[in-house]
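Good morning, and thank you for coming. I would like to walk through one structure with you, and I ask that you keep it in view while I speak.

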Amino acid sequence: MTGLAAEILLVVCAAIMGAGLILILLMISMKKEASSFTVTEEDVFIDDLPHVWDGTRLFFITDLHRRSFTAEHVSLLARHPSAELVLLGGDIIEQGVTIEQAMKSVEQLSKIAPIVMVHGNHDHKCNTAQLDAELIKAGVKILDNTAMRCEKDGEAIWLCGIGDSSSGYANVRLAFARSDSEPSCTIVLAHDPVVIREKLPSYVQLVLTGHTHGGQIRLPIYGPLRLNQFYRRYLSGWYGIISKHVPNHAFQLFISNGFGTSHVPMRWNAKPQGHFITLRRYP
């Protein structure tokens, strides 16, 4: 081998080793991000919110998947003013995760406030009947395709849950059957933001969803690795939605990055989240 060839080989080997080191460091960083937890404070102004509900706080979390919610996470949340309800947006389990593990997370979340939840697509890939039996035993209110009337000092709002759309469990007509008889300010809890394509009643003011993981791995310039055009448009955070089905109906959509991960236990530019949401009435 000539001297020049040897030098070229050394340069190539150094480049490969350098690229490998960068890849290893990147993977470590992505695993570290996936194990982090960001708690956000969200104030949302809602039309027709009754006076007595002004300042009500909710804690919203979704997409636990394989990740356990622990006493350490509860301690972190205790630094914030308390919430009256925990809204759990589905995918609390997936294949390969035991119901026991999922219920340990639910037990920790119940220390924050009573839990109301809907199912996600991964929840339906497990023994849902057994899971639901344990959830009900633990006092969790499962809100798939039904509504919950919440009253405070004689003033009521509705919390309506819609079943998972991608699994074929969404039934919007059934979800609003109760609230249609007494329409008033309504918050919708659903797993998948695709629910905004449905004909939601004019009294719906806020929709809370997860499912996207905020892209989970979001590359510079390119964006999320695995999401289609709809989820690229509705990826994470707040959106103002104009209904295509109900004239003059606008509502707010909030999409959480979620807490856990799917497929690979890594995140990039999409930190895990939980959210304290404070309901505000317009002055």
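What is the order of the strands in the open sheet of six strands? The order is S6-S7-S8-S9-S13-S12, and the pairing in this sheet is mixed. Before I continue, please note that this is a predicted model.

Let us stay with this sheet for a moment. Its edge strands are S6, covering residues 146-152, and S12, covering residues 237-242; each of these pairs on one side only. On average, neighbouring strands of the sheet are turned by 20° against each other, with direction ignored. In general, strands of a sheet pair through backbone hydrogen bonds, and the pairing is either parallel or antiparallel.

I now turn to strand S14, which spans residues 273-281. How many of its nine residues are buried? Seven of the nine are, and the strand is therefore described as mostly covered. With S1 it pairs in the parallel sense, over nine bridges. With S2 it pairs in the antiparallel sense, over four bridges.

Leaving aside residues up to four places away in sequence, His275 touches Thr40, Glu42, Leu58, Phe59, Phe60, Phe254, Ser256 and Asn257.

The next topic is charge. How many salt bridges does the structure hold? It holds seven, and I shall describe some of them.

Consider Glu41 and Arg57, which form a salt bridge whose closest N and O atoms are 2.9 Å apart. Glu41 lies in strand S1, residues 38-46, and Arg57 in strand S2, residues 57-61, so this pair ties together parts that are 16 residues apart in sequence. Glu41 is partly exposed, at 37% relative accessibility, whereas Arg57 counts as buried, at 12%.

Asp43 forms a salt bridge with Arg280, and here the closest N and O atoms are 3.6 Å apart. This pair links distant parts of the chain, for Asp43 is in S1 and Arg280 is in S14, 237 residues apart. Asp43 is partly exposed, with a relative accessible area of 46%. Arg280 is also partly exposed, at 28% relative accessibility.

Another salt bridge joins Glu94 to Arg66, with the closest N and O atoms 2.6 Å apart. Glu94 lies in the loop between S3 and H3, and Arg66 in the loop between S2 and H2, so the pair ties together parts that are 28 residues apart in sequence. Glu94 is buried, at 7% relative accessible area, while Arg66 is partly exposed, at 46%. Elsewhere, salt bridges that share partners join Arg149, Glu151 and Glu182 into one network.

Let us move to helix H3. Which of its residues are buried? They are Ile99, Ala102, Met103, Ser105, Val106, Gln108 and Leu109. An α-helix has 3.6 residues a turn, so residues three or four places apart point the same way. The cover over the buried residues of H3 includes S2, H2, S3, strand S4 (115-117) and helix H4 (128-137).

Finally, I come to the cysteines. How many disulfides does a search of the whole structure find? The search finds zero.

Thank you for your attention.

Definitions and conventions:
Residues numbered from 1 in each chain as written. Predicted model: local features only at pLDDT ≥ 70, side-chain atom pairs only at ≥ 80, totals over all residues. Heavy atoms only, no water. Salt bridge = Lys/Arg side-chain N within 4 Å of Asp/Glu carboxyl O. Helix = DSSP H or I, 4+ residues; strand = E, 2+ residues; numbered from the N terminus. Buried < 20%, exposed > 50% of the residue type's maximum accessible area, 1.4 Å probe, protein only. Contact = heavy atoms within 4.5 Å. Disulfide = S-S within 2.5 Å. Pairing = 2+ DSSP bridges. Axes fitted to C-alpha atoms, helices over the stretch in contact; angles between N-to-C directions.
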